[in-house]
Amino acid sequence: MPLLRVADMTHYFGGLRAVHQFNLSLEPGEIRGLIGPNGAGKTTIFNLITGIHIPTKGTVELEGRSLIGHKPHEIAAGGLGRTFQNLLLWRHMTVMEHVKMAHYAQLSYGLFGALFGTPRRNAEERQVAENTLRLMEMFDVAKYADWLVGNLPYGAQRRVEMARAMATKPKVLFLDEPTAGMTPEELVQMIAIIRQVHRDFGVAIFLIEHRLKFVMELCQRIQTLVFGEIIAEGTPEEIQNNPKVIEAYLGKEEIH
Amino acid sequence: MEATELQAQALPSRTRRIRAAFAQVPALGWLAGILCTVLIEHLWGDPLSYQLYLPKLPVLFGCLIMFKQPVLIPSVLAYVALIYAIPIAAVTLLTRRLANAVASQLSRLPLWLSGLIHLGLLYLALYYWADLSDYRELVLKLTMIAVILTLSINLINGYMGEFSCSHPGFMALGAYGASIVTLLLFTNDRMFGEALLPEALGPWCFPLALIIGGFVASAGALIVAIPSFRTRGDYLAIISLAFMFIVKSLIENVEWVGGPRGMSSQPNWSTLPVVFSWMVICIWVINNFVRSIYGKALNAVRDNEIAADAMTVDTRKTKMVAFLLGAFWAGVAGGLFAHVMRFVNPGTFGIQRLAEILAMVYFGGLNSVVGSIFGAVSINLISEMLRPLEIYKWIVIPLILILVMIYRPTGLISFREFDVRKILQPKQQKD
């Protein structure tokens, strides 16, 4: 059974068809890429699956349970972590607070514990602090633990976002352009980190990316989206040589 | 030439040395210093003020006297120096080694015990200070109530980042709720008739009355929250402002709580220890909340709601809890206020009260427990000290606020954690 199954998902913004009959079946431990030109609807697909928009038609199931109509935080707590294309970090919070915060759904001490500082709360918060430290080290942001995120280098901000997403204990991780705006060195580091996350946590990864080299290196299967429709799906080699993909990216050769 | 240069170098180094010496004084040392000066004032305050030709003991550091009779300014300054400044400096500096030794002993105790010891000293100092005049006691109680109010609104306007204007409304609900309970159950008065329970039981049930007042305020908050949390920003400000006026005119039109004439003859149960303990409990509870992950979730919702949602935070529940908690403490503050003044009327909870509360929270600093305490205490003291200026007071205080808003837009002590352990620890450098 696939971990995440999306069938015939279609979405309209008013009269505009943003996504047309999108299908996806993500197996456990798979790394899958989604590529396509600007405005093709890649981020919309992420937002539809993670509950920010509700699809007009179609089904979305995580481990056989439907996600349609659930709130984003319920879907996230159910095992679907994500990062954002344009870095949605909390500007008044430190790196450590970011990662700690993402443990929200795993807490059980409730309001009473929060108000009166019960021993249970202290024990749970200590556990969260340990896990936070581990994640910060893994994503190489432990040295910035007490910095406000806005003061971090761009690449480190991206890693904080990933550490935060991993703190929610996801089964599937959605990465929306994880290398946008990165330097070549940061790019190499990011590939290593994604490989490590994949290996150590055993999560399935679904990522949107513009840099074809990056996608080709990481992903086992790639889907290509143009104007809300999948025009090609296959292994990196198949995608690379697919005339439709080449046409979508480079344009058609015109014969006079 | 050389000599002046040397002097120029020596001067900052001396001030630096003095500053370094004061930096070594732990919280315990400051408390001991304050306690000493207060006791000195108790013993020699009256004779000294007679010697200095002051009309009476200067109540609030002599500001009232200075404004009324500028001739006496030197006397007042001499009084402040002799009674407050010199003893505090002397005691804190001389005992700093001892104080550090004791503080390091105390830091080995459990935090709550060492915290209670410090609080006990603080209470003693405040008690002896307020003991000298009824006016001081009143100012002190109102200041402590203001601390509760400021903290509770900081939860909403600072930590949650929504601009809510309904705090006087919550305070009114709490004041009337608690007053109705105490008047109905424990006092013979003309509004509700005979007491239902023996009056001796009253002071013990007073916390219950305050909590009921708090819950009434929370219920009011629920009415605001349900429609307004669908919107953000200005809309909540408008809805909450409307709520404040609705509460006010509602109370004005309900005859059985006195209508516009208000309610009076509440029993005098808001004594100094009662108000002090409630303030401490409020600071403790709110500090616990904002430092927990649920409190951090509130900050996340403020900074970016979509990201908070994607990180498993139940944003609606988080906002609701914070809003109701803020309203609860505003209600408790209202209940205490009603029993300090022993009279409430709807006019007390109008736009002017709102301006005061907002001034305290924005002056002190958003998203900070220390900032709230600082803002409430300083704005309250400033406004009491400037009382002789009468109407011009309301030019000076807004001017101060405007300056703060220009140079420190989030307040003087904003975005700082209140870590009790760090405050109480000994300060001596090991050398």
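The following exercises, with worked solutions, concern a predicted model.

**Exercise 1.** Determine what span helix α6 of chain A should have, and how far apart its end C-alpha atoms are.

*Solution.* Helix α6(A) comprises the 14 residues 154-167. The expected span is 1.5 Å times one less than the number of residues. This gives 20 Å for α6(A), and the end C-alpha atoms are 20 Å apart, which agrees. Just after the helix, Lys169(A) takes a positive phi of about 55 degrees.

**Exercise 2.** Describe the side of chain A that touches chain B.

*Solution.* First, 31 residues of chain A are in contact with 25 residues of chain B. Next, α2, α3, α4 and α5 of chain A each supply at least two residues of the touching side of chain A. By class, that side has 18 nonpolar, six polar and seven charged residues.

**Exercise 3.** Classify the packing of α7(B) and α16(B).

*Solution.* The helices pack at an angle of about 140 degrees, with their axes 8 Å apart. Angles over 145 degrees would count as roughly antiparallel; α7(B) and α16(B) are therefore oblique to each other. The crossing is right-handed. The residues of this contact divide into nine nonpolar, six polar and one charged.

Methods: Residues numbered from 1 in each chain as written. Chains lettered and ligands numbered in written order. Predicted model: local features only at pLDDT ≥ 70, side-chain atom pairs only at ≥ 80, totals over all residues. Helix = DSSP H or I, 4+ residues; strand = E, 2+ residues; numbered from the N terminus. Contact = placed C-beta atoms within 7 Å. Nonpolar A, V, L, I, M, F, W, Y, C, P; charged D, E, K, R; others polar. Axes fitted to C-alpha atoms, helices over the stretch in contact; angles between N-to-C directions. Parallel < 35°, antiparallel > 145°, perpendicular 65-115°, else oblique. Left-handed = near helix turned anticlockwise from the far one by under 90°.
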